[in-house]
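Me: I would like to learn how to read the annotated features of a model with care. Could you take me through them, giving the general idea before each case?

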Amino acid sequence: MKIAFRTFGCQMNVNDTETMAGILKSNGYVIVDNEEEADVVIVNTCAVREKAEKKLYGKLGRLRSLKKKNRNLIIGVSGCVAEKEKEALLKREEVNFVFGTRSISRVNEFLERAIKGERFVELSDFIDEINSSTPRLRTSRHHAWVTIIYGCNKFCSYCIVPYTRGREKSRSMEDILNEVKRLASKGYREVTYLGQNVDSYGKDLADGSTLAKLIRETLKIEQIERIWYLTSYPKDFSDELIDVIATSKRVSRSIHLPIQSGSNRILKAMNRGYTREEYLDLIRRIRTKVPDASISTDIIVGFPGESEDDYLQTKSLLEEVIFERVNLAIYSPREGTISAKYMKDDVPHEIKVRRLQELLELQKCLNRKINSEYIGKTVEIIVEAKHKDGMLYGRTINNKIVFFHGSEELIGSKAKITIEKTTAGPLYGQLVENELITKK
């Protein structure tokens, strides 16, 4: 039987899909890319914004048409929208089964039930069943996503994640390191530690485990040449972690710290737990000890009650910090959250769009200025893949994407690229050295 997955959302969703695909493959199923040839399609969903949720319903509409051609097609829905909508999804005739973010370890059992004709929703918590021995079908042969903590306890007023991902639960450090050692033995060179709030890792274990200590232990696995971590929370980003980053060039210099707003009034309404001043102090501490750090952030425009002055404070924060990357989003109410329940979505859409466009243009200007300084410099990347335009690309330890012309045999290897052209986004250059060539 052939299974196709469609995944929307964050890197944790990608890692969840890798886990489900691995489990099903180990049970004899064949994983395919093409929905047309699949007997089963599982859609792994995201509910963090309205736009992300709408992707599910668009996909289900297309799958409904496919099911008219193939009456035996089985459709499952997992992920955050499954947790949010529950039984409502089963009212759609094309959906056969629905299961939650903490139920993925039982995907084989669920599929067997669906094959027998049962239609059901399963939202139980089996997350402890996932460990270093769980089979995974990785999407890369040199980089691996490794989830180290599930859930979130922050309850930001706009965010649905704590309701769809549950409370924080950390994996044991021993189990995580066992997974990474296995990856290293298979030739993996990079890992990214994942969590909704990766800086909370270990707090619930009460054994002294922290993200900083986990990274220190990972550095002892010499085959792992780069260690990444997502997503950080400003209030929990520790000086201990800053010290660990500063002491090893194998630890990512790309630090993603969502600020969401530059206004203290809006930050309080968002229940973020820090002030603009505290955030700027954290940036100062990072850049003092890690001067080559590349800092990125998330911004929400048009949060309920956001005045023009609040918006201008956010704009001035971008100009003051000079982020390498900014993920911008228009506020959209998420059913069940505090802001949706108790705050009026009172910023007109046209104002939200205008503010978003202004910040996009500002950030493009800042990015062009930052990137122009790379002209003529030689940077080291690990080659990730071939782009649809035929060029190869990879990332620096600062998460700069670099495009260049080269052979596909270079994928997964280190390369040195001299930068010849820059944009507001990727850098473009020429291959000057590669470890495969050097070894020859």
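Reply: UniProt positions are given in the numbering used here, feature names are shortened, and annotations may be inferred rather than shown by experiment. This is a predicted model, in which local features need pLDDT of at least 70 and side-chain atom pairs count only at pLDDT 80 or more, while totals for chains, interfaces and linings use all residues. Residues are numbered from 1 along each chain as its sequence is written, and side-chain values use heavy atoms, with hydrogens and water left out.

Me: Where does UniProt place the feature "binding site"?

Reply: The unreviewed UniProt entry places this feature at C152, C156 and C159. Helices (H or I, at least four residues) and strands (E, at least two) are DSSP runs, numbered from the N terminus; in those terms C152 lies in the loop between β7 (143–150) and α5 (161–165), and C159 is found in the loop between β7 and α5 as well.

Me: Is C152 buried or exposed?

Reply: Buried means under 20% relative accessible area, exposed over 50%, and partly exposed in between, with a 1.4 Å probe and protein chains only. C152 counts as buried because its relative accessibility is 9%, and C159 counts as buried because its value is 15%.

Me: Which residues does C152 touch, not counting residues up to four places away in sequence?

Reply: Contact means heavy atoms within 4.5 Å. With that exclusion, C152 touches V161, P162, G166, R167, E168 and Q196.

Me: What is the strand order of the open sheet?

Reply: Two strands pair if DSSP finds at least two bridges between them. The open sheet of 4 strands has the order β8-β7-β9-β10, with mixed pairing; β8 (169–170) and β10 (226–230) are the edge strands, each pairing on one side only.
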